[in-house]
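Reader: Could you walk me through how this one is packed inside? I'd like to start with the core and then look at some strands.

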Amino acid sequence: MKKIGLHEIRKEFLDFFEGKDHLILPSFSLVPQNDKSLLLINAGMAPLKPYFTGEKKPPRKRVATCQKCIRTADIENVGKTDRHATFFEMLGNFSFGDYFKKEAIQWAWEFLTVNMEIPPELLWVSIYEDDDEAFEIWKNDVGVPEEKIVRLGKEDNFWELEVGPCGPCSEIYVDRGEKYGCGKEDCKPGCDCDRYIEVWNLVFTQFDKDENGNYHPLKHPNIDTGMGLERIATVMEGTDNIFEVSAIKEILNIVEGISGKKYRQNEEWDVSIRVITDHSRAMTFLVSDGVLPSNEGRGYILRRLIRRAARHGKLLGIEKPFLSTVVSGVIDSWKVIYPEIKENEERILKVIRAEEEKFQETIHQGLQILDTYIEEILSKNQKYLDGEKAFKLYDTYGFPLDLTREILEEKGLAVDEEEFNIYMEEQRERARRAREKSTDTGWKHSDVIEFTKEIDTEFKGYETFDTKSKVVEIIVEGNSQDTIEEGMKGIVVLDKTPFYAERGGQVGDKGTITNDGFSAKVLDTQYAKDDIIIHHIKVDKGILNIGDEVEAKVDYNYRYDIMRNHSATHLLHRALKDVLGEHVNQAGSIVLPDRLRFDFTHFEAVKDEELKEIERIVNEKILEALEVKTFETSLDEAQEAGIVGLFEEKYKDKVRVVQMGDYSKELCGGTHVKNTSFIGMFKIISESSIAAGVRRIEAITGRSVYKYLLDLEKDMTAIAQIMKVNKKDVFGKVQNLMEELKSKEKEIELLQSKMASSLVDEILNSKQNVENIDLITYKVENMDMNSLRNLGDKIKDSLESGVVVLASVENTKIYFLCMVTKDLVNKGIHAGNIIKEVAKIAGGGGGGRPDMAQAGGKDISKVNEALSKVPSVLKEQLK
């Protein structure tokens, strides 16, 4: 048997099938394209489904790939066993109506026995029980002894879904030897023991299953094969499991080096080392393919992997962020076949480091709180953690439910997931209501308007701002009417209109509808059912009847300001990708006449220098006066050309493309300027976070920028007058004032420190003894939390052993602080638990570490009562 590693096996497989006239395709992204049935690619054939179903024509009838895949169904078992993994690579050769069983079987055998030099006597095969054709090929053409061809049932050797293409399969096994077996005389493939390892599955897609369960022969049968790269590598390297394959062992060694823990010396360490080794590969490729951590979908899977690995790092005693170091090792090893991970290295490391650091901020406190919950459960002989508490860990400390569940399972406990889901749904409902409230236009019932006749409206707004039109429908207070009169509000439908109806983030047009005896303001334009454009109007003069001829005229300045902002969002989107990376994608937008708002995927706050560069690029493209063109194309052609669009959305077969020079191409149905120079100028006003992994930029263009500059000039003039200097000297004056202020603040701090020092002796004299423990409780006035902590440190340093609880009332605010010396922490006294009970009396809350905790309060009248409670709380902890 050839001694060959994982990376070499991959190359040899692809070279072998290239020699058999197969087109070698690079691995597809882990993010499925136009397939909502999958969150992530989980099999070698998954990205090729359109070729198997006939939706798309394959680039060649013979194809071979090494496809990166992720499966998380068994994530809880990853680490606990040495067989489970979330990330793997699948080698596969495929035939789309070209060769069939004979070639697939013979080439698989040739590759294994000739190229991999696996002795034929070690190989067994299984076939579907009724597949005599495969049996004859294996026996007569390949020469496998009949006793080594095992017939298995539908459950094992027939691939099918509810309906559609399906067929029998044949699997190839390697006999690992009797030491892995069960000892039974009839042990062979199909047995539950570990002796026979399946390395290659050949699927013969030869039937089409209908809804009645009938199987119809396909005119052009297909071949779909899959061989797990990691699994065949274990065979070729003679290892017991995938974690000891040399390429993966290199990653494992990095984890050993960081943690100082050796693999195979402690079972608990082994679990954590395997988790980190596996998850680091998965997170590397997910981020490279554009996935960002979030609380939903594939982003949640990534967050779960990063946080699970980070938590196992803690179990190994790793206190600082470390995952980016492990991931760097993955990139160095796998960049040979996947050059994109080297190209995306900076972004991959930044995303993973940012997510790990974010989790580090809360994991310590979250683990302490979960430990407290576990202690409570065990003390009460219970088995379940309340769903409410699990939700608090998720919502406040970023603990995915799966992580809480896993930690509880280690203690033989479980979580009330039903109750957790109730709290989760309540949060989603609150978010939905907030979104509805923020996006309510006042015309929210437009989509449910029912028309009594067939209506068709033609949109002319791409080429003109006004049209001669005919009134085809009038609706007042939800009912169809023949007329609408002066002073009334209602809806008018025209046979053709220049008014753009709200869609794709662009708000609806305003303007006028008039004729000789009639005048109405168009307050908004919306779509109703079946894409009928409706105009919400208020009649200023006259009467309008169905059938009347009118002039429909868009407010030119209103629309043109919207067009400037819409075109600017396209330039902004491209500039964001240029500066931050191709992972940036639109996550929402609104285009108004006075401003634009653009939401996008990104893993951290955009730095000031990045914002300046983005703004510079957009203004540069405005000054370059790029021509703005629009054209229609097919959806497939748009995707192949790399045109930007939300391809997970539902598009028609024909799509509209907006192109700005050679700089930006996007799918868009909105209205735009004819040349980028018409935008005038672009200014970013703000950048903020709106959700995990989603950022928001608000910006202005054109006339709004001019107004913005005028307002700045006005403010600068006012500031200069207040400071009694010229505008050019304002900056220097402010600097001088700030230096003076800092000097005064230092004087105040020094005075407060002296006052605190004089207080220490007085406070120490108030010491009381509770169960042979020195306890100090004291209330001070007008001290902020920082000063209170400094005072607490001085008192604690003056005590050999003791508990200190301080309170401060500053204006209307209440601060509580508790500190415990190390010897008493070791005896089970917990500052966080003390402060929680004390603050509760004053209507507040808080918590913290066993040695130091702080809290706030609301009821000033209860401060003394709260402090008087400390001795009884301390006694409870000593029981």
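Reader: Which residues touch the most other members of the largest nonpolar core?
Author: Keep in mind that this is a predicted model. The largest nonpolar core has 113 residues, and helix H12 (residues 345-379) gives the largest share of them, 11 residues. The members that touch the most others are Leu112, Trp138, Trp200, Ile232 and Trp334.

Reader: Leaving aside neighbours within four places in sequence, what is Trp200 in contact with?
Author: Leaving those neighbours aside, the partners of Trp200 include Phe13, Phe17, Phe111 and Leu112. Also among them are Asn93, Ser170, Glu171 and Thr225.

Reader: Is strand S3 largely enclosed or open, and why?
Author: On one side of S3, Phe87, Glu89, Leu91, Asn93 and Ser95 are buried, and on the other Phe88, Met90, Gly92, Phe94 and Phe96 are buried too. That makes 10 of the 10 residues of S3 (residues 87-96) buried, so the rest of the structure leaves this strand largely enclosed.

Reader: Which residue in strand S9 stands opposite Phe94?
Author: S3 pairs with strand S2 (residues 62-70) in the antiparallel sense over 9 bridges. S3 also pairs with S9 (residues 215-228), antiparallel again, over 5 bridges. In S9, the residue opposite Phe94 is Asp224.

Reader: What is the bridge partner of Thr630 in S26?
Author: Strands S25, S26 and S27 form an open antiparallel sheet in that order, with S25 (628-634) and S27 (664-667) at the edges. S25 is joined to S26 (residues 654-660) by 7 bridges. In S26, the partner of Thr630 is Val658.

Definitions and conventions:
Residues are numbered from 1 along each chain as its sequence is written. This is a predicted model: local features need pLDDT of at least 70, side-chain atom pairs count only at pLDDT 80 or more; totals for chains, interfaces and linings use all residues. Side-chain values use heavy atoms; hydrogens and water are left out. A nonpolar core is a set of buried Ala, Val, Leu, Ile, Met, Phe, Trp, Tyr and Cys residues joined through side-chain atoms within 4.5 Å. Buried means under 20% relative accessible area, exposed over 50%, partly exposed in between (1.4 Å probe, protein chains only). Helices (H or I, at least four residues) and strands (E, at least two) are DSSP runs, numbered from the N terminus. Contact means heavy atoms within 4.5 Å. Two strands pair if DSSP finds at least two bridges between them.
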